[in-house]
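Please read them alongside the sequence and the coordinates.

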Amino acid sequence: MKKDFKFRLGFQRNSSDQRSLGEKMYSIFEVNYLARPWLLQEGNYRFWLRSMGKLNRENVGFGLSIDQRLSASMGSFLRYGNSRTRGEHKNNQFFSGGFRFKTPYTLYPQDFWGIGIYYLDKNPEGEESLAELYYNFHLTEHIKISPHLQWLW
């Protein structure tokens with residue numbers, strides 16, 4: 001197997017009820033591939049699948065995630081998620097995308113900033129969209145400040 005593939009598996013119990021161990025189990029599986037597409041720098045391509053309780057069509061979700069470096073100072077991301085919860089007749093869907101910029105487009109060498117947009121179709125509550133602009137100030141190895149400006153419609 002190539003070293004560019006990573007597999008992750010996680011479990012979490014979501015209930016303190018001792019009698020429903022299997023019913024309240026949250027599990028997720030993820031496959032990550034680090035690729036270097038033709039004419040582009042490296043990118044992470046992920047697929048995930050999650051289940052809540054017993055595995056069936058009414059309690060699963062899946063998603064795709066792409067983080068692609070376009071140049072030394074610019075990257076992009078795309079996300080898609082789809083899920084269905086027990087009792088809902090329509091899947092919930094999520095889309096997002098954006099760009100991240102580093103030096104020479106920042107105030108300091110380790111800072112970065114980005115722009116993004118997302119769309120959520122959440123049944124039965126309706127649709128929601130958001131645009132965001134943020135700047136990440138690198139203060140120390142473990143301290144960063146990141147103000148965000150968001151517009152929800």
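**Notes on strands and aromatic rings**

1. Met74 stands opposite Phe101 in β6. Strands here are DSSP runs of E of at least two residues, and helices are runs of H or I of at least four, numbered from the N terminus. Two strands pair if DSSP finds at least two bridges between them.

2. This is a predicted model, in which local features need pLDDT of at least 70 and side-chain atom pairs count only at pLDDT 80 or more, while totals for chains, interfaces and linings use all residues. Residues are numbered from 1 along each chain as its sequence is written, and side-chain values use heavy atoms, with hydrogens and water left out.

3. The protein has zero helices and 10 strands. Strand β5 (residues 74–83) runs antiparallel to β6 (residues 92–101), with 10 bridges between them. Strand β5 is also joined to β4 (residues 60–69), again antiparallel, by nine bridges. A hairpin of four residues connects β4 to β5, and Gln68 has Ser76 in β5 as its bridge partner.

4. There are 13 aromatic pairs in the structure. Rings of Phe, Tyr and Trp (its six-membered ring) pair if their centres lie within 6.5 Å; planes under 30 degrees apart are stacked, over 60 edge-to-face, and the rest tilted. Tyr80 and Phe95 make a tilted pair, 5.0 Å centre to centre with 45° between the planes. This pair links distant parts of the chain, with Tyr80 in strand β5 and Phe95 in strand β6, 15 residues apart.

5. Buried means under 20% relative accessible area, exposed over 50%, and partly exposed in between (1.4 Å probe, protein chains only).

6. Phe101 and Tyr105 form an edge-to-face pair, 6.3 Å centre to centre with 85° between the planes. Phe101 is buried, with a relative accessible area of 14%.

7. One aromatic cluster consists of Phe47, Phe62, Tyr80, Phe95 and Tyr119. Elsewhere, the charged end of Arg100 sits over the ring of Phe112, 3.9 Å from its centre; the criterion is NZ of Lys or CZ of Arg within 6 Å of the ring centre and within 35 degrees of the ring normal.

8. Of the 153 residues in the protein, 29% are buried. Among contacts (heavy atoms within 4.5 Å) between residues at least 6 apart in sequence, 31% join residues at least 24 apart.
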